[in-house]
Amino acid sequence: MYAQEEVKPYGQEGSKRKQVERMFDEIAHSYDPLNHTLSLGVDRLWRRDAINYLHQHATQPPRQLLDVATGTGDFALLAAEKLQPEHITGIDISEEMMRIGREKIQKKGLADRIKLQYEDCSCMSFADNQFDAVISSFGLRNFQNLDQCLQEMFRVLKPGGLLVAIDLCSPTSFPMKQLFWCYKHVAMPVIGRFISHDRHAYTYLPATMDAIPQGDAMVAIFEKAGFQNVRFQRQIFGMSMLYATEKI
């Protein structure tokens, strides 16, 4: 078990999966503005970098795309705009987050190309080798069983397909490490509680950022799931990590 799997929003009673589902259902109404506020708007650049990476390194444009932990659909919408796939399937365990995502997709006129559905990443209903590419943003920290979820992503990805994932982490270099420690342990919980009215969610967030494996440690976890040629790069301010890998 990895350290981030032991971090739960509402204490140790009950499974992490159920607690995470409850948490996102409760903060769904404020998730988008909070996400942009707490990241100072940089989360949009992180997602764009990930989609650009996929666009540049895919051997051919993906036709069938899977967005894991799609939330309110921002990553799926960006992928639809930049990659122009035939179809995007977004999955999540929070129906409230996806309800907001479906409204955004409908407003963009993309309901025929993007479908959001309830799925547990650790046991997806899709066929083997179904998707040309898999993407995920800010979901790895929330998985109850990271190994099993990555194995499932590997299973549904076609040979030759790319997986590109981004997730939050804690900066490791001076002075951002020190500055961000103050931000995430003082400002982030206060801002999060004020906007979302959930005192647990935005203490859970920095705790998972501290606990999630980073860099070479995460590369080893991807390789354990079967992926090869795993690469990573720290994104702007060192608060986010981009991982890219492929199924051979």
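Start by selecting Leu-66, whose bridge partner in strand 2 is Thr-89. Strands here are DSSP E runs of at least two residues, and helices are H or I runs of at least four, numbered from the N terminus. What you have open is a predicted model, where local features need pLDDT of at least 70, side-chain atom pairs count only at pLDDT 80 or more, and totals for chains, interfaces and linings use all residues. Residues are numbered from 1 along each chain as its sequence is written, and side-chain values use heavy atoms, with hydrogens and water left out.

Now show strand 1 (64–68) with strand 2 (87–92): they pair in the parallel sense over 5 bridges (pairing takes at least two DSSP bridges).

Zoom out to the whole open sheet: 7 strands in the order 3-2-1-4-5-7-6, with mixed pairing. Strand 3 and strand 6 (228–234) are at the edges with a single partner strand each, so one side of each has no neighbour in the sheet.

Then pick Glu-119, in the loop between strand 3 (114–118) and strand 4 (131–137). Its side chain makes a polar contact with that of Gln-117 at 3.0 Å (N or O atoms within 3.5 Å, one able to donate a hydrogen and the other to accept it; residues adjacent in sequence count only if both atoms are side-chain atoms). Beyond its neighbours within four places in sequence, the contacts of Glu-119 include Ile-91, Met-124 and Phe-126.

Terms used: Contact means heavy atoms within 4.5 Å.
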